[in-house]
Every structure is written in structure tokens, then in C-alpha cells.
Amino acid sequence: MTKTYRVADSEKRVLCGMDLDLDAGGITVILGRSGCGKTTFLRIVAGLESYDSGTVRLDGDIRTGIVFQEPRLMPWLNVRKNILFGLRKTQVDEAHFAELIRMTGLEGYEKARPSQLSGGMQQRVALARALAYRASYLLMDEPFAALDYFTRQTMQQELLRIHRETSMGVLFVTHSIEEALILGDRIVILDQGRVAEIFEIRNQPYPRDLLSGDMIEIQRNIIKRIKGDSKL
């Protein structure tokens, strides 16, 4: 896949022959420096961005949902209406809604407005909204980047719990090596619009001990790869 943006009077190639297979049931993390094409790739998979050449193919019955870096909630709607926003009345399943509230830890907040919620709670609403469409594959663009350290840790563990409960696939974009190691089955290093290397770490048990010898070695190799790619 290739993708070029026109900036002023020049063209900037963002994706340069990007080629990647995604596991429909695992957590694939796209990791790399700012400007390497991570978000552009995710937006293309989501159908929000066009591309110059290549093919996006979804094998099987896959419904995608997306969670952005900002919650993007409607400030005049309460939690319930934000979660169900976009669904027709005939599509609203009260049992499914109750399950989403439980799954995302929003019990008791159904009537709250976004302004009454913390940043972490707002992201829980955004996650529930993506799941309300019965998504089987979730696209997440640095959804926890704006949260404080402890809230971010909590949301990471919540995502892993929801993944275990639903077996839903996840494509997760981040620039945090630590976050990639905590979440990913596969970590895809992106550099200059290409896949530089893929680290398969699905054999590392959850919750991940980032101070274990194996994880320290993986982290060292990832840092080495990203630093090395920056000199190409």
C-alpha cells in the first residue's frame, strides 16, 4: 500500500509499500516514531482515509469499531445516549447495552454528561460506543495517550479484560514501548511508511512483567530497532 499527502507545493509519501497481515483475534500494536505513518495506516483500515495504491481486504464477517485519542463525545448527550448514538431505535438491545455498561465499568453513570466524567471515564464511554455496533475488530488510535499514568494503566488492563471476555481483535496504535509490551501479541515496528520488523510476543503471559529478563531483552531489541531505523 502507498499513500501520499500533498503539502503546499510538494508531496509527502507517508506509506511506502506497506504490507501487513492482521490477526483477527489478537492484539496487534503498531509502534514507531511520530510521523512514521501509524495513524494514517489505521485510518485507511477504518475506511476513513483514501490511499494511492494497494488493497485492504477483510476476510470473513468483520465489523470494525474505532476509538480515537480524544473521546469525541457529544457534550449535550448523557452517557447512555452517547453510547447508542448512531443506532436506530430498532437496533437498541437493552440486554446488550447493560452488558456494555458492566463490561466498561460505567454502572451508575448512564445519566451523567461528559463534563461530569474524568478523562478515563470518558474513554470508557468511547470504548462502549465502539462496541455498541457489535464490533468484532477494534481500531484504537493512541486512546490512552492523554490520560495520567495510573489511569492509563487501569485502562490498559480494562482493555485486556474486555479482549479476554469477547475474543475481539484489536489494532492499537501507540508511540509508547511500555504500552506496546503490556498489550501486544504482536508489535509491528513502522518506520518511514514501511514495516521494519515484527516482534511476536504472544508467548509472554498476561499480566506482563516488564522487569523480567525476557521482557527487558525484547524492549532492548525494540529500542535498538527503532534507533537503527531512524538512521536509514
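Two aromatic pairs were found in a search of the whole predicted structure. Phe150 is exposed, with a relative accessible area of 62%.

Salt bridges were examined next. The whole structure holds 18 of them. One joins Asp23 to Arg202, with the closest N and O atoms 3.6 Å apart. Its partners are 179 residues apart. Asp23 lies in the loop between strand E2 (10-16) and strand E3 (27-31). Arg202 lies in the loop between strand E8 (194-200) and helix H7 (213-229). Asp23 is partly exposed at 28% relative accessible area, and Arg202 is partly exposed at 43%.

Another salt bridge connects the side chains of Arg186 and Glu200, at 3.0 Å from N to O. Arg186 is in strand E7 (residues 186-191) and Glu200 is in strand E8, so the pair ties together parts 14 residues apart in sequence. Arg186 is buried, with a relative accessible area of 10%. Glu200 is partly exposed, at 45%. Salt bridges that share partners also build one network from Glu99, Arg102, Arg124, Glu158, Arg161 and Glu165. Within helix H5, the side chains of Glu165 and Arg161 meet at 2.9 Å, N to O. These two residues are 4 apart, and therefore about one helical turn separates them. Glu165 is partly exposed, with a relative accessible area of 39%.

Helix H4 (residues 119-132) has 14 residues. Of its 14 residues, 12 are buried, so H4 is largely enclosed by the rest of the structure. Among the buried residues are Gly120, Met121 and Arg124. The buried residues of H4 pack against E4, helix H2 (79-83), helix H3 (94-103), strand E5 (137-141) and helix H5 (149-166). Arg134 follows H4 and has a positive phi, near 60 degrees.

On the surface, Tyr51, Val56 and Leu58 form a nonpolar patch. Together they have about 230 Å² of accessible area. Tyr51 is in the loop between helix H1 (38-46) and strand E4 (64-67).

Terms used. Residues numbered from 1 in each chain as written. Predicted model: local features only at pLDDT ≥ 70, side-chain atom pairs only at ≥ 80, totals over all residues. Heavy atoms only, no water. Patch = residues over 30% accessible without salt bridge, like charges linked within 9 Å, V, L, I, M, F, W, Y side chains within 5 Å. Areas by Shrake-Rupley, 256 points an atom, 1.4 Å probe, with all protein chains shown as cover. Salt bridge = Lys/Arg side-chain N within 4 Å of Asp/Glu carboxyl O. Expected span 1.5 Å × (residues − 1). Buried < 20%, exposed > 50% of the residue type's maximum accessible area, 1.4 Å probe, protein only. Contact = heavy atoms within 4.5 Å. Phe/Tyr/Trp six-rings, centres within 6.5 Å; stacked < 30°, edge-to-face > 60°.
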